[in-house]
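Here is a short briefing to read alongside the model. Keep the structure open as you go, and look up each element as it comes along.

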Amino acid sequence: MSLRKTLFIKMVLVMLPLVAVGAWAGRAFDYDARVDALHDFVLARMENGGREECEADPERFPPRFNRRPDRRPPRLRGVDRPLPDRSQRPNGGPRPAGPPRGLPRIELFAYDATFRSANQHAPDFPADLRAALEAGATRADGRTQEGRVVHVAQRMAWTDGPCAVLCAWLPAGDASLSRAQLVPVLVFAAGMVLALWFAAGPIVGRVRRLTGAVRRAADEGYASPIPVEGRDELAQLATAFNDAGREVRANLESAQQREEALRLFVANTMHDVMMPLTVLQGHLSQLRDVADVGGAIEEVQYTTSLLQNLAAVAKLEGAGPTKHETDVDLGALVARVAGRHRPLARERSIELEFAVPEQAVLARCDLTLVEQAVSNLVHNAVRHNTVRQRAGDGHVAIVLTCNESQSEARFELEVLDDGPGIRSADLQHILERSWRSDEARTRAPDGQGLGLHIASEAARLHGFELTLREREGGGLIVRLTGPALGRRSPE
Amino acid sequence: MTGQARQILLVEDDAKLGQQVVDQLRAAGFGVDWIRDGDTARDRLPGEAHLVVLDLMLPGTYGLDLLKELRRSSDVPVLVLSAQEDTHVKVRALELGADDYLTKPFWPEELLARVHARLRRPLAAPDGQLVLGELAIDTAARRVLARGEAIELTRVEFDVLATLARRPGAAVSRIDLAADVLDPEREGTERTLDVHVSRLRKKLGPLGSYVTTVWGVGYRLEERAP
């Protein structure tokens, strides 16, 4: 749910009890206002000739307002609504014509000190008011039992005569009167909610900008701080994000430094190991003419291949494969790989040949990874061609071709051998094995091992396709295909 | 090769490896000049060398900087020795004008093969004459002389021979050969190729052994004793 909607709902939830309290308070104020007004009215009426009028003719006091058209009916401050329910008249007396609509209607009757009225229309003196006056109060107020009429009693300054106590009724704020008080409260509440809806706009906007800034900062690896607007809680949030971002950045940098140190260490170690291996290969090569060093040559080649595969794994398994893509001349790559494996092939009496198109076949890829992948395929083909090795006429061939159609060019690199091949049942899942599995590491004679999986991963990383199939007449064909940049004449 | 030894300039700081490479190259008949650091190499490059074998991790001037400077003034072939460096190092070397690179560890014969490949002279004479042992091919006139005798070849047979002769010693895949010489609509595809090659061998007589079948690949033209 959006922030604005949440604020809206919360505002409504807060405003509802406020409106209720407001209405209740309005009712209470209304009651007090009516009571005060009634007392004022009674006192004013009695002091301005009312006593004389009452004592002169107590049976008919008070004369009805409508019988004195020259007199304006009394009007109460703060009460200017028409009294809607005429059936609720407290004295029940006949009223040929009441005060004009829009004015309140007061009923006033005089009682003697014993709370009896000479006017036959006067209702019994309200018991609650009587109790209050008898307890010594000079004035009392309350509601009739229905609760819709306010009545007040006022003991006058004189204690004798038929007009010692006056009692007045006035309809209290009824339900509709409450609605009248509710409307401004409701309007006020609605106004508040609407105001909040619009006032939330800039804040919601800032939250959105802040979210966008945080996302951008995350995309950039928290390289730059997000802008801080103002000094309020949102600004504090932005500052907190910046602090967290700095922390993340520091951790990232520390991890990158460690990774870079490790990468350098591996590169330097690799360099240090490859130098003596090169010298060793040179010595073995010299010894070949005078001694049987075939086994040693194989071991050196295997060790070299393992080391190079370790470097390849480091590239493939790093914090995101590090692929340095360029336009690679696959023909030159094939020639290098063939050259590297010729000594081993010769030791094993295996003829290793290759063919590449006259024009360079270029593909967009990481030179080292793809060269290692092809190298692994060729190494496997040479190493596992044990059947023919014994016969002394084994073969391994690398063939690079380029298929150019109108829409695209694809290279096809095939490594063929006439060795034992792989059972067709194993062909499918041999590429699925993880190089971390023991099976992959096993140096069993028939295990294709680490090399094939690195080839497979390297192919996957480049979007190339690596497939294995049985060769007609025995052996295996491993094919690597992918998009080529077309053939180019050598410069 | 002519009697005059071709000169190779080796820039390599490792004493053992350097000595070994010098020995290997000299044994193969090359004259070798060995420089052990980048700064000296910078002063002496390119010299009279026909080919430079350049290690990259050198004391003094870095190998790639040497290569960059060298390429300003010389086209001498450069073979870079790289010790399993990052891809970008190899790529940079090729971009800067290295002709080839060799990853350490390498076999001496691998090095020699690359050196020979770089120093091999083109067989094609300016007038389109290709000469391989006792076989002479005139691509312009589409004539073939085997031991001095003219041989009548069909168009396809001649194209097969000429295509193979353009890269003597290199295997040519049947796919590429078929694509180069056969009209797929009139002359069929790869299987037809074998028939043409078979006829070509017969027509070449004793020199038919020059055309060899390469297992799993295709054919190759190389000078062989009949």
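Helices and strands here are DSSP runs, helices being H or I with at least four residues and strands E with at least two, and both are numbered from the N terminus. With that in hand, note that this is a predicted model. In chain B, Pro105(B) sits in the loop between strand 5 (100-103) and helix 5.

**Chain B as a whole**
- Chain B has eight helices and 12 strands.
- Of its 226 residues, 51% count as buried.
- The accessible surface of chain B is about 10400 Å², and carbon and sulfur atoms account for 48% of that.
- Taking contacts in chain B between residues at least 6 apart in sequence, 52% link residues at least 24 apart.

- Lys104(B) and Pro105(B) are joined by a cis peptide bond, with omega at about 0°.

**Helix 1 and helix 5 of chain B**
- Helix 1 (residues 15-27) and helix 5 (residues 108-119) of chain B pack with their axes 10 Å apart, at an angle of about 55°.
- These two helices of chain B are therefore oblique to each other, and their crossing is right-handed.
- From helix 1 of chain B come Val21(B), Gln24(B) and Leu25(B), which meet Pro108(B), Leu111(B), Leu112(B) and Val115(B) of helix 5 of chain B.
- By class, that contact has six nonpolar residues, one polar and no charged.

**Helix 4 and helix 5 of chain A**
- In chain A, the axes of helix 4 (residues 233-287) and helix 5 (residues 294-317) come within 11 Å and cross at roughly 160°.
- Angles over 145 degrees count as roughly antiparallel, so helix 4 and helix 5 of chain A are roughly antiparallel to each other.
- Their crossing is left-handed.
- Residues of helix 4 of chain A in the contact include Met270(A), Val273(A) and Leu277(A), while those of helix 5 of chain A include Ile297(A), Val300(A) and Leu307(A).
- This contact divides into 11 nonpolar, three polar and no charged residues.

- Phe115(A) has a positive phi, near 70°, and is a residue other than glycine.
- Phe115(A) lies in the loop between strand 1 (107-111) and helix 2 (127-134) of chain A, and is buried, with a relative accessible area of 7%.
- Arg147(B), also not a glycine, has a positive phi near 50°.
- Arg147(B) is placed in the loop between strand 8 (143-146) and strand 9 (149-151) of chain B, and counts as partly exposed at 45% relative accessibility.

Methods. Residues are numbered from 1 along each chain as its sequence is written. Chains are lettered from A and ligands numbered from 1 in the order in which they are written. This is a predicted model: local features need pLDDT of at least 70, side-chain atom pairs count only at pLDDT 80 or more; totals for chains, interfaces and linings use all residues. Side-chain values use heavy atoms; hydrogens and water are left out. Axes are lines fitted to C-alpha atoms, for helices over the stretch in contact, and angles run from 0 to 180 degrees between N-to-C directions. Angles under 35 degrees count as roughly parallel, over 145 as roughly antiparallel, 65 to 115 as roughly perpendicular and the rest as oblique. A crossing is left-handed if the near helix is turned anticlockwise from the far one by less than a right angle, and right-handed if clockwise. Contact means heavy atoms within 4.5 Å. Ala, Val, Leu, Ile, Met, Phe, Trp, Tyr, Cys and Pro count as nonpolar, Asp, Glu, Lys and Arg as charged, and the others, Gly among them, as polar. Buried means under 20% relative accessible area, exposed over 50%, partly exposed in between (1.4 Å probe, protein chains only). Accessible areas come from the Shrake-Rupley method with a 1.4 Å probe; for residues, only the protein chains shown count as cover.
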